[in-house]
Amino acid sequence: HQALASVRANCWQTDWVIDLDIKGFFDNIDHEKLMLAVNKHVPENWVRMYIVRWLEMPVQLKSGVLEHRQGKGTPQGGVISPLLANLYLHYALDKWLELTNPTLKFARYADDAIIHCKNKEQAEYLLRQLNARMKLCGLELHPDKTKVVYCKDRRRRAKYEIVKFDFLGYSFQPRTTLCKKTSKLFLGFDCAISINSRKRIADKLEEIKVEKLSFRSIVGVAHYLNPMIRGWVNYYGKFRKSELMKVFQLLRKRIVRWARMRYKRYKTKLNLAYRWYERIKKQFPYLFYHWQVGLTC
């Protein structure tokens, strides 16, 4: 949330953003360059030996064939891979930006980075520099996912095709905003849960088959779902919590389906099932976690 809040505040102060994504990042990390960084921070020879072994370990494909590393790549899913990858980009990107462009503000999570620029010319120039820097480090910027974005709002009204980017599960884009002082609506540039994040939650609800849960009462369903709901709300509800309503409207439909499959009296009577749902919500307003925080639907 700290990184999101930083990006959010910086978008209000600067007009342009470079949304950076590295193509096949984990598969293209150069072992020799990575070990230069490891050697700087790890004095123990035995630790460095195990890191080298980890990097050089071949991977067995589904076909049974062993695929050798050939001097680059870290095993995805390995416990140490995220640490090594961040160490690599710390020098390949973070330190390079601090040395060459010390006034620029940026945020990075693994290979997903956001760089704030004052104007379009600066953003395009820096993007050319970044392409050259990544090639020097054995990496390549993703041609489709890397883009220059204009932070359009009520003050910044220039016409530009790309005015949206995603970062850490949130979408940053022009949004209708309520002014706290005047209670009037205006166009701001803000973040909320992204479409892809909503889809992942919808896919999770489909995976667990809420309507087919075998609990004898709605209390059991709530106890089962609440840990997941709490995680969604606590992360995606940090900014523009109301955007989660679309997710919980879908959950409501699945809970109603559960009731229709569980109770014979609602099986063929959809309206009665929805009335049951509304009655449960009034009688037990704290049953589901999202009800507790005001996301009632």
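Where does Ser183 lie? Ser183 sits in the loop between E8 and E9, where helices (H or I, at least four residues) and strands (E, at least two) are DSSP runs, numbered from the N terminus. The model is a predicted one, in which local features need pLDDT of at least 70 and side-chain atom pairs count only at pLDDT 80 or more, while totals for chains, interfaces and linings use all residues. Residues are numbered from 1 along each chain as its sequence is written, and side-chain values use heavy atoms, with hydrogens and water left out.

Most residues other than glycine have a negative phi. Ser183, although not a glycine, has a positive phi of about 60°. With 55% relative accessibility, Ser183 counts as exposed; here buried means under 20% relative accessible area, exposed over 50%, and partly exposed in between (1.4 Å probe, protein chains only). Arg240 also has a positive phi, of about 50°, and is not a glycine. Arg240 belongs to the loop between H7 and H8 and is partly exposed, with a relative accessible area of 24%.

Strands of a sheet pair through backbone hydrogen bonds, either parallel or antiparallel. Three strands make up an open sheet in the order E7-E8-E9, with antiparallel pairing; two strands pair if DSSP finds at least two bridges between them. Strand E7 (165–167) and strand E9 (185–193) are the edge strands, each pairing on one side only. Neighbouring strands here are turned by 50° against each other on average, direction ignored. For such angles, axes are lines fitted to C-alpha atoms, for helices over the stretch in contact, and angles run from 0 to 180 degrees between N-to-C directions. Strand E8 (residues 170–178) and E9 are paired in the antiparallel sense over nine bridges, and Thr176 stands opposite Leu187 in E9. Helix H6 packs on this sheet and touches E7, E8 and E9, its direction making about 45° with that of E9. Contact means heavy atoms within 4.5 Å.

H6 also has a helical partner. Two packed helices are described by the angle between their axes and the distance between the axes. The axes of helix H6 (residues 195–208) and helix H7 (residues 218–236) come within 13 Å and cross at roughly 180°. H6 and H7 are therefore roughly antiparallel to each other, a label given to angles over 145 degrees, whereas those under 35 count as roughly parallel, 65 to 115 as roughly perpendicular and the rest as oblique. In this contact, residues of H6 including Arg200, Ile201 and Leu205 meet residues of H7 including Leu225, Met228 and Trp232.

Leaving out residues up to four places away in sequence, Phe288 touches Ile218, Val221, Ala222, Leu225, Asn226, Ile229 and Ile255.

Strand E4 (residues 105–109) and strand E5 (residues 112–117) run antiparallel and are joined by five bridges, with Lys105 opposite His116 in E5. Two residues lie between the strands of this hairpin, in which Ala110 takes a positive phi near 55°. Strand E1 (residues 16–21) is joined to E6 by four bridges, also antiparallel, and Asp19 stands opposite Lys147 in E6.

Finally, Arg254 is placed in helix H8 (residues 245–262). Arg254 counts as buried at 7% relative accessibility. Beyond its neighbours within four places in sequence, Arg254 is in contact with Leu205, Glu206, Val210 and Glu211.
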